[in-house]
Amino acid sequence: MSAEYVDYSTGEPIADTKAPAGPVNERWDTRRFEAKLVNPANRRKHTVIVVGTGLAGGSAGATLAEQGYHVVQFCYQDSPRRAHSIAAQGGINAAKNYRNDGDSVYRLFYDTVKGGDFRARESNVHRLAQISVEIIDQCVAQGVPFAREYGGLLDTRSFGGVQVSRTFYARGQTGQQLLLGAYQALSRQIAAGNVEMHPRTEMLDLIVVDGKARGIVARDLISGKISTYFADAVVLASGGYGNVFYLSTNAMNSNATAIWRAHRRGAYFANPCFTQIHPTCIPRTGDHQSKLTLMSESLRNDGRIWVPKAKGDDRPANKIPEDERDYYLERIYPSYGNLVPRDIASRAAKNVCDEGRGVGPGGQGVYLDFADAIQRMGRKAVEAKYGNLFDMYQRITDEDPYQVPMRIYPAVHYTMGGLWVDYDLQTTIPGLFAIGEANFSDHGANRLGASALMQGLADGYFVLPATINDYLARNPHKDEVDASHPAAVETVRETEDRLARLLAVDGDRTPDSFHREVGELMWEFCGMARTDTGLRKALERIPQIREEFWRRIKVPGTGEEFNQSLEKANRIVDYLELAELMCLDALHRAESCGGHFREESQTPDGEAARRDEEFGYAAAWEFTGTGQAPTLHKEDLVFEYVHPTQRSYA
Amino acid sequence: MARTVWDSSVGKKTVMAVSGVIMLLYLVAHVIGNLKIFFGAGEFNHYAHWLRTVGEPFMHYEWTLWLIRIVLVVAVVAHAVSAYQLSRRDIRARPSKYVHKKPAASYATRTMRWGGIILALFIVWHILDLTTGTVHSGGFQQGHPYQNVVDTFSTWYGNVIYIVAMLALGLHIQHGFWSAAQTLGVGSRTRDRALKITGNVLALLLTAGFIAVPVGVMTGVVS
Amino acid sequence: MKLTLRVWRQKNADAEGTMSTYEVDNISSDMSFLEMLDTLNEELILKGEDPVAFDHDCREGICGACSLVINGDAHGPERTTTCQLHMRSFKDGDTIDIEPWRASAFPVIKDLVVDRSAFDRIIQSGGYITAPTGAAPEAHATPVPKPDADFAFEHAECIGCGACVAACPNGAAMLFTSAKINHLNTLPQGAPERETRVLDMVAQMDEEGFGGCTLTGECATACPKGIPLMSITSMNKEWLRATRKVAKR
């Protein structure tokens with residue numbers, strides 16, 4: 001089976017036809033002008049389904065409803081306020097140049113393309129940089145309590161991979177505050193009757209009619225009832241798929257079902273192997289670990305990362321004298337120091353741990369030390385800046401980071417890959433849009449810190465509401481589709497069958513045991529460093545796990561009730577297919593770039609070596625059947641402005 | 001506006017706070033008057049008589065007193081009805097209790113509710129005893145409050161009822177004063193300590209002042 | 001560690017609930033409380049029993065989904081969310097009682113899962129600033145004094161978990177409601193809707209069947225984000241101010 005799967009075929013190249021030609025800074029204006037509009041009076045006749053209520057989904061739902069569309073929105077959580085965007089800590093980038101430190105839209109554009117290791121589309125990234133300034137205005141108007149200076153103006157801080165201070169923040173809870181802003185705007189529209197909100201309802205499949213996305217199949221998580229919902233367009237804002245790895249910083253219930261089901265229905269999946277391993281997470285403590293907790297990257301502003309110079313040095317941190325410590329990031333990358341991009345920091349941490357210089361249980365950790373910062377700024381100032389993060393660390397590890405250095409280790413955090421979308425954020429299924437982390441568009445092979453919030457809100461508040469107009473204006477669906485349509489009936493039947501099968505196996509292994517197994521496999525072979533042999537091994541193993549899953553899974557209870565085991569098992573079904581595609585993508589991309597590090601492709605000093613001639617494209621995969629070799633469609637990436645160079649942060 | 005206030009849980013709490021403050025002010029005057037008992041029957045009875053002639057000649061005999069009584073009755077009724085309705089709401093809002101009980105959980109709430117009921121009963125007894133004389137222990141004499149007070153506190157049960165009620169009053173004021181300040185929105189981080197101290201001092205002084213009378217009678221200082 | 005758990009089991013909203021007893025063994029003190037429950041659930045599934053349903057998601061103390069009353073305390077003995085509570089707070093041999101939030105405005109859905117949509121409706125009644133996308137002025141057009149921004153932030157930290165309601169002997173949602181009112185009413189951007197916001201949100205809070213405040217302070221003690229009791233005082237003040245202002249209109 002797996003031998004066949006590896007033999008993917010290459011199909012027609014794919015291209016983004018929506019981004020206008022012309023100077024990059026005029027493309028967004030041009031596109032907005034060229035896009036057809038829907039008459040305001042006609043908008044209420046259009047229904048748009050939005051799946052997810054994170055930064056992207058929440059802001060999109062609210063904005064579409066404000067424009068007059070009828071929005072039907074879903075989230076699996078009990079409230080639209082809980083999506084995992086809420087856990088983002090550090091901040092949100094915007095090219096405001098309030099610091100007068102040389103920032104500009106162009107610099108943010110440049111930093112993002114470079115930070116993404118030249119695997120993102122220039123037009124999209126430039127638009128993101130342009131919109132970044134409007135996002136801050138919008139959020140301030142909504143009452144987002146950003147940190148302020150004594151003069152009452154907004155404060156900013158620096159983040160990894162850049163040399164300007166352009167990150168706006170609300171202590172260590174920026175994601176929470178931005179999400180609550182979007183949630184509140186959404187709430188206003190719910191109260192006004194413009195948004196029909198379905199919490200505790202999970203999308204399980206996409207309904208495609210005559211090649212267009214026309215609705216979804218969703219399960220009411222309380223009653224177990226499976227229902228269909230129809231619309232003129234469907235927007236997926238369901239987040240990333242980092243939970244494939246079992247242990248990640250994602251929320252426990254974050255999942256890939258919405259995008260994977262859309263992929264199975266015809267939406268191409270782009271760059272699935274591009275996952276971000278975040279350098280500063282709290283190391284795991286044992287096999288019981290259910291998830292990993294991130295410590296904001298902003299800590300690298302003032303904390304210094306080090307390990308002992310000697311291998312196997314197990315003295316406590318404060319007993320290791322200064323000259324026996326290796327501040328390896330400062331040593332290898334003197335100009336960026338502790339603020340190198342995430343992929344580089346993570347890999348460096350892995351390298352020193354592989355050398356046997358890691359600290360803590362199992363040697364899987366490095367120190368993040370605030371002793372100097374406390375001496376320089378005083379404990380009070382450190383507390384004001386990072387207090388809540390320090391508290392969180394202490395709560396989890398039972399160690400006081402004011403006294404002993406924190407221990408950190410990289411963990412899966414974000415997925416740059418996702419559904420392939422054009423400049424309008426439309427997938428390869430007409431009428432199906434993907435926004436936020438669910439799409440692949442803006443971060444290339446590595447996302448810079450504080451850019452996820454920026455992208456989610458840019459997509460939701462500003463991009464999608466403008467571009468979806470064009471689709472709706474050009475596709476006035478005269479024919480009503482309802483639950484009796486053959487496509488809907490068939491999709492519901494497949495969903496019900498799948499759930500029934502899960503319940504019927506009645507085997508001897510829990511859903512979690514499978515999730516953990518596939519997660520560990522992915523972390524080992526498709527994690528921070530990947531090799532041809534390792535990936536092939538994983539590709540051989542995954543179908544076996546999948547086969548075993550359908551033979552041995554045990555899901556208690558029934559489908560007609562609140563059943564968290566069933567929810568979980570159903571998500572694992574999709575992970576077991578997605579994992580395979582991630583490994584194949586990682587295998588086929590025989591270069592290193594950003595978060596994707598192939599050991600075969602590195603520079604003499606161990607940095608990622610890109611192979612632009614062969615791999616200067618985004619890989620969009622077409623589904624052909626479970627376990628069957630998919631078809632690769634290449635989107636050539638053209639760099640007219642930021643010319644690919646070997647990234648240098650030294 | 002009256003409707004908004006009465007229909008809202010926050011509004012009803014405001015009614016409780018305002019009526020509570022009115023009663024509190026009255027109690028301050030009341031305790032000052034009571035303490036005159038230590039200066040002999042003459043001064044005490046004279047003071048009692050003066051209460052009926054306050055405001056003359058503008059007011060007729062006892063008009064001021066009745067005015068005060070009306071305000072007090074309104075305050076007591078408003079306080080009690082609001083308390084009753086709010087308590088009903090609170091109990092409805094939490095119909096099932098936790099299996100794992102925590103002893104201290106609702107100490108203040110419980111003391112306020114039970115204390116309130118004790119005080120309401122006490123007020124009835126107090127008026128029947130010393131205003132109308134209906135349940136008075138000795139021969140009640142209109143216009144001779146000094147003797148009436150001494151009679152009441154010559155019985156053991158008179159002392160018990162009174163002292164228990166006054167202790168309840170102290171607890172009620174202690175939480176109630178600070179609570180009313182919060183309801184009326186005058187509390188703040190900087191003022192919190194001052195409000196708590198004021199509440200405690202008021203509670204202490206009023207309780208001590210009121211209890212001084214039965215203690216005086218029992219010890220023979222007042223006879 | 002070996003522990004005895006007494007857990008509230010209730011099949012669905014209409015069923016009667018009861019406490020069931022379970023034993024768990026080999027619990028590490030580094031485990032989070034929810035990981036301990038995961039362990040129990042894995043065993044239950046393999047035994048063919050229904051695992052214990054509980055709400056949880058981020059497990060980082062910020063999404064507000066987790067919601068267990070542990071030994072009578074909302075979120076358990078430490079001042080944090082249930083997901084950030086670790087087993088080192090317990091001793092070998094302990095018996096732990098686990099119950100759902102109890103309030104009539106938070107009906108039980110199953111086991112330890114309750115319906116908190118009343119909170120959403122309170123926000124929908126006015127817990128926002130009307131600022132449609134695109135209508136925003138330049139962010140620096142209105143400076144906000146740092147103390148005001150900090151005060152707003154402290155209240156904006158609320159995660160909407162409902163521990164305040166669970167802890168309150170009256171099942172009151174005053175702390176939740178006041179947190180949002182104080183956040184928005186303190187900022188200049190929130191000023192135009194200052195009066196209607198507090199009046200509408202308090203009215204909705206009453207409508208949902210939450211109790212009133214008797215200032216026991218239990219809510220603030222249980223709040224994992226440390227929203228102060230004084231928040232309710234500020235809301236009362238805002239409410240009185242709004243009532244007076246609206247009466248004059």
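Guide: We start with contact: two residues are in contact if their C-beta atoms, placed from the backbone, lie within 7 Å. By that rule, 18 residues of domain 1 of chain C are in contact with 15 residues of domain 2 of chain C. Keep in mind that this is a predicted model.

Visitor: What are the bounds of the domains of chain C, and where do they come from?

Guide: Domain 1 covers 3-110 and domain 2 covers 117-248. The bounds come from an automatic or database domain assignment. Taken over C-alpha atoms, the centres of the two domains are 29 Å apart.

Visitor: What kinds of residue make up the side of domain 1 of chain C that touches domain 2 of chain C?

Guide: That side has eight nonpolar, seven polar and three charged residues.

Visitor: Which chains have the most contacts between them?

Guide: Two pairs of chains touch, and the pair with the most contacts is A and C. Chain C gives 67 residues to this contact and chain A gives 61 residues. On the side of chain C that touches chain A, helix H1 (33-46) of chain C is one of the elements that supply at least two residues. H1(C) has the largest share of that side, with seven residues. Sorted by class, the side of chain C holds 30 nonpolar, 20 polar and 17 charged residues.

Visitor: What makes the size of chain A agree with that of a compact globule?

Guide: A compact globule of 650 residues would have a radius of gyration near 26 Å, and chain A has 24 Å, so the value agrees. The C-alpha trace of chain A spans about 75 × 60 × 50 Å along its principal axes. Chain A contains 18 helices and 21 strands. Of its 650 residues, 61% count as buried.

Visitor: How far apart in sequence are the residues that meet in chain A?

Guide: Take the contacts in chain A between residues at least 6 apart in sequence: 75% of them join residues at least 24 apart.

Visitor: Why is strand E3 of chain A called largely enclosed?

Guide: A residue is buried if 20 or more other C-beta atoms lie within 10 Å of its own. Four of the five residues of E3(A), residues 70-74, are buried, so the strand is largely enclosed by the rest of the structure.

Visitor: Which strands pair with E3(A)?

Guide: Strand E2 (residues 47-51) of chain A runs parallel to E3(A), and five bridges join them. In this pair A:Thr47 stands opposite A:His70. Strand E7 (residues 195-198) of chain A also pairs with E3(A) in the parallel sense, over four bridges. There A:Gln73 has A:Met197 as its bridge partner.

Visitor: What makes a right-handed β-α-β unit here?

Guide: The unit consists of E2(A), helix H4 (residues 55-67) of chain A and E3(A).

Visitor: How many helices and strands does chain B have?

Guide: Chain B has eight helices and zero strands. Along the sequence its pattern reads α-α-α-α-α-α-α-α. Of the 223 residues of chain B, 30% count as buried. The C-alpha trace of chain B spans about 55 × 45 × 35 Å along its principal axes.

Visitor: Why are E2 and E4 of chain C called edge strands?

Guide: They belong to an open sheet of five strands with mixed pairing, in the order E2-E1-E5-E3-E4 (chain C). Strand E2 (18-24) and strand E4 (73-74) of chain C each pair on one side only. Within the sheet, strand E1 (residues 3-9) of chain C runs parallel to strand E5 (residues 95-100) of chain C, joined by four bridges. C:Leu5 stands opposite C:Ile96 in E5(C).

Visitor: Why is C:Thr4 called partly exposed?

Guide: A residue is buried at 20 or more neighbours and exposed at 12 or fewer. C:Thr4 has 13 C-beta neighbours inside 10 Å, so C:Thr4 counts as partly exposed. C:Thr4 lies in strand E1 of chain C. Not counting residues up to four places away in sequence, C:Thr4 touches C:Thr21, C:Glu23 and C:Thr95.

Notes:
Residues numbered from 1 in each chain as written. Chains lettered and ligands numbered in written order. Predicted model: local features only at pLDDT ≥ 70, side-chain atom pairs only at ≥ 80, totals over all residues. Rg over C-alpha atoms; globule rule 2.2 N^0.38 Å. Nonpolar A, V, L, I, M, F, W, Y, C, P; charged D, E, K, R; others polar. Pairing = 2+ DSSP bridges. Right-handed = clockwise from strand over helix to strand, strands pointing away.
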